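Hi,

Here is the model I said I'd pass on. Have a look, and then read my notes below.

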Amino acid sequence: MPPGTQACTLDIEKFHRTCAVLPDHKPWLVLQGHKDQFYVDHVHPFGASCASSNAGMIANAMVDIWIAEGVKPILKYEDDLNIMRYPVPDGQFKDGQYTYAYDRPEMLRRIEPLKIPWHPEKGDPYFSSLSIFIGMLWDLENHRVSLPEQKRQKYLRRVSEFISNFERGRCQLRDVERIHGSLCYISFIFRAGRSHLPSLSNFAASFKGDEFIHRFPSRSLITDLKWWLKELTVMNFYRQLIPCGDPLDLGIYVDASTSWGIGIIVEGEWLALKHKPEWKLPGRDIGWLETVAAELVVYILEARDIHDSTVIIHSDNQGTIGSMTKGRSPNPHINLSIQRTYSVLCPNFITFDFKYIPSEENPADPLSRGELGPPQDRMNLFFQLPPELEPIFVYAD
Amino acid sequence: MPYPGLADPKTPEAFLLTSKPQSLLYPSFTSSIIPRPTFDANIHAYPDVFDRIVTPYDANAFAFFLDKHTLSLSYPLLVSNLRNGFPLGPMPNLLVTSVLPNHPTVMEHQSEVDEYLEKEVVARRISGPFSRETMEQILRGPFQSSPLIVAVQPQAPGEPDKIRICRHLSKSTRITPSVNSFIPKHYFPTRFDTASRVADIVSFLSSFQRNASFADPGHSNEGSFFIHQAGEGSFFALPWTKVLSLSTRLAEVLSLRMHSHMCQGSFLALLSSRIHRS
């Protein structure tokens, strides 16, 4: 794909409501206005489980037809379409230094007979390297994704209202679910935010599905929302979308044991940290130790000035692999470790690619049980441990 | 934060793989449809309301284009559904009329609800209001009325809240199962281009800008090949059909495991690494 790729967003108006219902199934779609005043739906309502698929069948066929008519690539999310174009040598449609196979009117003309009801206001009036799709602003030239300014203000307001309403007051399940849903969505842009979500999902779970009770949010939830507030206050924040290429395999192995401590191997050099008895608190278990082992790797990578890379880490703990990859954990101790990890990963544009290795094949396994490696291979690196870890770990040599 | 993307984003073909829509298999419910009685003027009313098909699409044009591009086999039900209406699912025989009361939020926003209903009537997307008896005459038997619910969505500062009036089709009572309980989700496939998928494509753009050539492996599902560069100078080809079946299987596994639209884009990363290794 040469430079000059552009996109144009279009929206199908009242998408689900364009999909007619089989008359024999209309008896399932009655609604009531005032008492004993009934209405029947002729089209799919948004809340029907089949609505996305049935309306989607129409839109998918439209997309496939459009691609066959030479308009591509096309991205679609429900009623939201993002049509792209790239420069072609003999294109009839000129924009700046590039020529393209179609412009907006031409691409619409190609499937005009299908009578798609395009929304007159939503979407882009022309092709551009900046396009809003699925509520996010995509910058094709600079390869970035960000929140449109209006959305940033909307989410900022949502967070700030939640804090002011419920910092000292009780809220209902729907209040938590709404803010949690919004923040989950935008954590695609705010990657470090993923570890500032579990306090919300834990709190939502504490309602046990009861829509009517009121509960006080936890202090950690308010702390997390204040983190979001701070992030959302910054204008023009974006996530850079860089293909990392082939993952970097530095021979990184991590392991931990409850009996001794943590072992790490990077490029044949080892590092071991013995834990003190104080490490064991409720909630801190082998899963936490294994996560901390992976956390320590980011400090090593940072010290080695590694950035803009996907880095392979071998671990024998599936729990750690899962929560580190997801960027969150319901266990608050593990979640704190993930938060610290991502606060280093994100600014350095590093992504971890975890590979599972059975314990017996993990070269870091003996280290974690206190069987240290040869002194000449000990990693010549000491870094300041985070305050939570500093009192409970000592470097072994 | 960079998006890890596909294992080797240097090939332009990978871009087309990423941007290529996945094929879906739509099950047919024709044999499960329980027809309502034929219109009988003595006991039924307003046949035009029962029979009304409201859609902006031109079914004949869809038929023409699907045929023109040999896509009819991918959408065997579409043209008939556009003409006759889409089935909701394998719905059972509805034997008694059930009326589930509206959510309390409807009372709080009665004028907005009235306005909404009027607008829908004018647009011919709903018909009413009718009494319970008339509705049973129109629908030629019992019906199920699901609750309306009003959702308020706060907007950016200075903008009024958005009011959304929805049917709560998942609402059930002890004696009345919800409408949605009869609609198994797995019979209703969907494809969504999620943020992750867009990120793949947008991140690819940067690598293509470093690559001069752009070859289109063709956009027909049949007979064309996905050419993948497995390493320096070594290429192998997979038929598109195989790539698509692999992607469909992975998507199914992922959607079963995660039940989330947001994750579906990531199957492409998996797909690519799977192909890369094979």
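A term to start with: two strands pair if DSSP finds at least two bridges between them. Helices (H or I, at least four residues) and strands (E, at least two) are DSSP runs, numbered from the N terminus. Strand E3 (residues 38–41) of chain A and strand E2 (residues 126–130) of chain B run antiparallel, joined by three bridges. In E2(B), Phe130(B) stands opposite Phe38(A).

Some housekeeping: this is a predicted model, where local features need pLDDT of at least 70, side-chain atom pairs count only at pLDDT 80 or more, and totals for chains, interfaces and linings use all residues. Residues are numbered from 1 along each chain as its sequence is written, and chains are lettered from A and ligands numbered from 1 in the order in which they are written.

Now the interface. In all, 101 residues of chain B are in contact with 84 residues of chain A (C-beta atoms, placed from the backbone, within 7 Å). On chain B's side, helix H8 (residues 195–208) gives the most, with twelve residues.

Then there's helix H6 (residues 219–233) of chain A. Leu221(A), Asp224(A), Leu225(A), Trp228(A) and Leu232(A) are buried there (20 or more other C-beta atoms within 10 Å of a residue's own; exposed is 12 or fewer). Those buried residues fall within an arc of 100 degrees seen down the axis of H6(A), so they line one face (the arc is that of the directions from the helix axis to the C-beta atoms). Arg219(A), Thr223(A), Lys230(A) and Thr233(A), on the other side, are exposed. The cover over the buried residues includes helices H3 (149–166), H4 (173–186) and H5 (198–205) of chain A.

Cheers

Methods: Contact = placed C-beta atoms within 7 Å.
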